[in-house]
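Visitor: I'm new here, and I'd like to know what the labels rest on. Could you walk me through them?

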Amino acid sequence: MIRSKQIKNPQLVLVVDDQEINRDVLGMILEDYYDIVYAENGKEALEKINEYREKLSVILLDLMMPVMDGFTVLEKVKNDEQLNHIPVIVLTAEKSAELRALQMGAADFITKPFDMHEVILARVSRIIELSEGRKLISAAEHDHLTMLYNKNFFFEYANRIHNYHPEWHMDAVVINIDQFHTINALNGFEFGDNVLRILGNEIRSFLAETEGIASRFEADRFDIYCIQQPDYQVVLDRFQNKLNELSETANIRLRMGVKPWNEDVEPVVLFDCARTACNKVRGDNMTHLMIYDEDMRMREMLGQRLMNDLHQAVDEHQFTVYYQPKYNIQVDPPRLTSAEALIRWKHPELGMISPADFIPLFEGNGQIRIVDNFVWAEAAHQIAEWKEKYDITIPVSVNLSRVDVFDPSLEDRLRHLIVDNSLDFKDMKLEVTESAYTENGEQLISLISHLREIGFEIEMDDFGSGYSSLNMLSSMPIDILKMDMKFIRNIEHSETDFRLVKLVLDIARYLDVPVIAEGVENENQLKMLKDAGCDIVQGFYFSRPVPPDIFEKYIVQELELRKLGERQ
Ligand code: C2E
Ligand code: MG
Ligand code: MG
C-alpha cells in the first residue's frame, strides 16, 4: 500500500546524494507521499539524521559521495543504538557495493540510474511498513524497564534456539534479588527500578560477549539462556559488583540458580530446575550460587511422590504422632512438664520419612491443613486420654505451620478440639516458628493475640533463626521462647555459642518469659544450661520423640516422683 500525503503527519524521508539531479528525481517521485529532507554528503547526512532521529522513517543513501561516503554513514548509523532502528536504502550503480551495504545492515537497495518510479516508491513504502511493524513487535517483545525480552517471547526464542541449534550447549540461569520488596520499601520505587535497570544493562553487556538471550521474567527475577559458562561464580560476581557500585549501604544481594544444559530437556523445564536451585539459596548467607544437581533432582522427585501419596497415607493411617518430653531442669531431679507432638510418616515403601522432608512441601501446596488437622486432633485426644487414665494433665504443644496464619477458620478448628475433648485451653500449647513472625508480622501478631485472649499459650519455636529484632520481640505476643537447636550444638566447644545462649536467656528475662532449650543431647550441655538459668529442656538426652505408649513410661515416672514428694 502506498501512503498518500493527504493524510496527517506524513512520514519523513531523508534523501542523501551529492548529485543535484538525483536528489531532484527522488524528490519528485516521493514528494506526493512523504515529507522529505535532503543532504549533499555524508557529514551533512549525519547532522540531519541526528536532528530528525525520532521522526525519520527511512534514509535513502548514496554510497559514493565526497566529504564522507555512504558506507561510513551506514556504519555509524548501524553502530549507534539510538539510530540503528532507522532503515537505510542504499542508492548504487555497482553490484558489489550493493552486497557490501546489505551486509553492513542496509535494508534494501535502489539501482542507479533510477528506472521505473513505481518500483522505487513501492520499495520505499515496503521498507517503512516493515520497519514500523518491527518496532511494534519490539515493543511487545521487550520489558520496557530493562529492554530484555518479556517472558512469553523469551520462551518462544529459547525454544527456537533449542530446536534449531541442538548442538549449542545452552544453560538456564535464574537470578533473583534478595528481599527486593524491602529494598523498594526502604529506598523508594525509583531506586528499585534503577537497580533492575542496571542489572538489565549488565546482563545485556554480558550477552554481547557470549551467545544467549535474557528476560525479566517477573518483578525481580531474570532468566538468562546462554552458552555454557566455565564458571558461574564469575558471572554472578560481575552482576553483584555492578550493583555494589550503585550503593554500598542498600545491601543488594543477588542469588543465582543454574541448570546446566541437557540434550533432551526443553527450556521451560530447564528454567524450572534453575528456579528450584535459585530458591535453595534462600536464607543461606554463605553461598549465593546454586547449581541444580542430581541430589536436587532426587529431592524434587521425592517431593512429587509424597504429594501424590498424601491422601492415601491419611486413609491408610500411615501417619502417627510421636511425643517428646520437656523437662524442668531447675529442680533436682528434673521433672516432666509437658510434651511436643511431632508427626511421623511411616511410608509403606519409603520407610520413615522426616517431617522436615514433607512439611515444607505441604506448606507450599496448601495440603498442610490435612496434616495439621490430624496431628492436632490426635494430640487433643491424647491429652484427654492421659487425663482420664492417669489423672494428670500433660500439656502438649502442637506446631502451627506458617500458612495456618492465613486460614480464617483456624480459631474455630482449635476451639472445637479443646471443647470436644473437654480440655482447658492451656492444655494444648501452640508452637509458631520465629521466621513466620518475621515473614507475616502484623497478620500473625493479630492472630496470635487473639488466640491468647481465648486462653491458648504460644511458644515461639526455633528462636534465633528468624532475625527478629529486640524491638519487634517486645511487641510480639508470646508466652515461652524455644531456643533454636543450633545454639546448643556447640556450647561445649565454643565460647561464642555459649555467650549467645546466655544472650537469649537475657532476652527472655527481659521479655519475662521462660526458655525451652531444644536439642540437648548430653549431660554436659544440660549442666551448662542449668547453670546459665535455662528453665526447660527438650532433647535426646531425656528422650527422642516416642510413640504414646512409650511416652507413658515418663508419665509413670512423674507420678512416682509426685507420690514421693507427697510422702516427704
Ligand atoms: P521443631 O518443631 O523445632 O521440632 C523439634 C525437632 O527437633 C524435632 O524434629 C525433634 O525430633 C528434633 N529434636 C529434638 N531433640 C533433639 C536433639 O536432642 N537432637 C537433635 N538432633 N534433634 C532433636 P522432627 O520431629 O524431625 O521435626 C522437624 C520439624 O518439622 C519440627 O521442628 C517442626 O517444625 C516440623 N513439624 C513436626 N511435626 C509437625 C506437625 O505436626 N505440624 C507442623 N506444621 N510441623 C511439624
Ligand atoms: Mg516445634
Ligand atoms: Mg524447634
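Visitor: Why is Asp462 called partly exposed?

Guide: Asp462 has a relative accessible area of 24%. Buried means under 20%, exposed means over 50%, and partly exposed is what lies in between (1.4 Å probe, protein chains only). So Asp462 counts as partly exposed at 24%. Before we go on: this is a predicted model, where local features need pLDDT of at least 70 and side-chain atom pairs count only at pLDDT 80 or more, while totals for chains, interfaces and linings use all residues. Residues are numbered from 1 along each chain as its sequence is written, chains are lettered from A and ligands numbered from 1 in the order in which they are written, and side-chain values use heavy atoms, with hydrogens and water left out.

Visitor: And Glu518, buried or exposed?

Guide: Buried, because its relative accessible area is 8%.

Visitor: What makes residues donors to the magnesium ion (ligand 3)?

Guide: A donor is an N, O or S atom within 2.8 Å of the metal (3.2 Å for Na, K and Ca); water is not among the atoms, so sites may look incomplete. Asp461 (OD), Asp462 (OD) and Glu518 (OE) coordinate this ion at 2.1 to 2.5 Å. Along the chain, the spacing of the donors reads D-D-x55-E. Asp462 belongs to strand β16 (residues 458-463) and Glu518 to strand β18 (residues 515-518), 56 residues apart. A strand here is a DSSP run of E, at least two residues long, and a helix is a run of H or I of at least four, numbered from the N terminus.

Visitor: Which residue bridges two magnesium ions?

Guide: Asp461 does, between ligand 3 and ligand 2, which lie 4.0 Å apart.

Visitor: Why is the pair of Tyr327 and Phe542 called stacked?

Guide: Rings of Phe, Tyr and Trp (its six-membered ring) pair if their centres lie within 6.5 Å; planes under 30 degrees apart are stacked, over 60 edge-to-face, and the rest tilted. Here the centres are 4.3 Å apart and the planes at 25°, so the pair is stacked. Both Tyr327 and Phe542 are buried.

Visitor: What makes Phe154 and Phe155 edge-to-face?

Guide: Their planes are 70° apart, with 5.3 Å centre to centre. Ring pairs also link these two with Phe217, Tyr225 and Phe271 into a cluster.

Visitor: How do you know that Arg100 sits over the ring of Phe71?

Guide: The rule asks for NZ of Lys or CZ of Arg within 6 Å of the ring centre and within 35 degrees of the ring normal. The charged end of Arg100 is 3.9 Å from the centre of the Phe71 ring.
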